[in-house]
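Here is a friendly note to go with your first look at this structure. Please keep the view open as you read, and follow each point on it.

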Amino acid sequence: MLLSLKLEDLFVAYSLDSAALSNRPMVKRYLSDLRGSFADAAAYEAALAQGNPLLYEVSAVEPATGDGQLHYGLGILYPGNIGDEYYLTKGHYHTHRPAAEIYIGLKGEGAMVLEDEATGETRLVPLRANSAVYVPGHTAHRTVNTGAEPLVYIGVYPSNAGHDYGAIAKKNFRKIVVQRDGHPVLLDR
Ligand code: F6R
Ligand code: MN
């Protein structure tokens, strides 16, 4: 395995400012890609009528697959809001439900919404520099930017995790994160 990997699989430089990884494309998610994600549908349509801003970008490093191997991705989520709700990622379960993930905050201020699939129980956990968030298996996860600067983070996950967006598209997260008096609060959708 080791000798079959290229140096760019073993060593990847990243930019804290753009979240770009050397030699890797960035997947771009625009407001139009987030239809149905925000609670305030009227605010969403009004924002989209004004333009189609870039909400977040992700690039992934997937050097090897197979039992025990890891993948990771860098994300940059820009600041902003739709109505009172902070800009957010689509969110997903891992297709392989037991697969956990570690998020490491690099820059900016944000949080993760974690929702247990079996019970619907939700936790809001801060995500920022100098801290890590553990996402257990069987847990839907979404990132929100609660600050004024871009939120930059790395997520490390098993190579067999896979991404299940369909379950969230069908049934969104139960809770939303909105700004109240300048602070993030978790409310029922
Ligand atoms: C990978 C992971 C992150 C997200 C990224 C974008 O398992 O959780 O790298 O992929 O935060 O969010 P989504 O994938 O929900 O659009
Ligand atoms: Mn994930």
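Predicted model: local features only at pLDDT ≥ 70, side-chain atom pairs only at ≥ 80, totals over all residues.

1. Let's begin with an open sheet of three strands, ordered S8-S7-S10 and paired in the antiparallel sense. Strand S8 (122–128) and strand S10 (139–145) are the edge strands; each has a single partner strand, so one side of each has no neighbour in the sheet. Neighbouring strands here are turned by 25° against each other on average, with direction ignored.

2. Within that sheet, have a look at strand S7, residues 109–116, and its pairing with S10: the two run antiparallel and are joined over seven bridges. A handy landmark is Leu-114, which stands opposite His-141 in S10.

3. Now for the charged side chains. Side chains of opposite charge can pair when their charged atoms come close. In this model the count comes to nine salt bridges. One of them joins Asp-17 and Lys-107, with 2.6 Å from N to O. Asp-17 sits in the loop between helix H1 (7–10) and strand S1 (27–30), while Lys-107 belongs to strand S6 (residues 101–107), so this pair links distant parts of the chain, 90 residues apart. Asp-17 is exposed, at a relative accessible area of 59%, and Lys-107 is partly exposed at 33%.

4. Next, find Glu-57 and Lys-28, whose side chains meet in a salt bridge at 2.8 Å, N to O. Glu-57 is in strand S2 (residues 54–61) and Lys-28 in strand S1; the two are 29 residues apart, and the pair links distant parts of the chain. Is Glu-57 buried or exposed? Its relative accessibility is 6%, and because buried means under 20%, Glu-57 counts as buried. Lys-28, by contrast, is partly exposed, with 39% relative accessible area.

5. A further salt bridge connects Asp-84 with Arg-180, at 2.9 Å from N to O. Asp-84 lies in the loop between strand S4 (81–82) and strand S5 (85–86), and Arg-180 in strand S12 (residues 175–180), so the pair ties together parts 96 residues apart in sequence. Asp-84 is partly exposed, with a relative accessible area of 42%, and Arg-180 is partly exposed too, at 38%.

6. Finally, which residues are linked in a network of salt bridges? They are Arg-97, Glu-117 and Asp-164.

Methods. Residues numbered from 1 in each chain as written. Chains lettered and ligands numbered in written order. Heavy atoms only, no water. Pairing = 2+ DSSP bridges. Helix = DSSP H or I, 4+ residues; strand = E, 2+ residues; numbered from the N terminus. Axes fitted to C-alpha atoms, helices over the stretch in contact; angles between N-to-C directions. Salt bridge = Lys/Arg side-chain N within 4 Å of Asp/Glu carboxyl O. Buried < 20%, exposed > 50% of the residue type's maximum accessible area, 1.4 Å probe, protein only.
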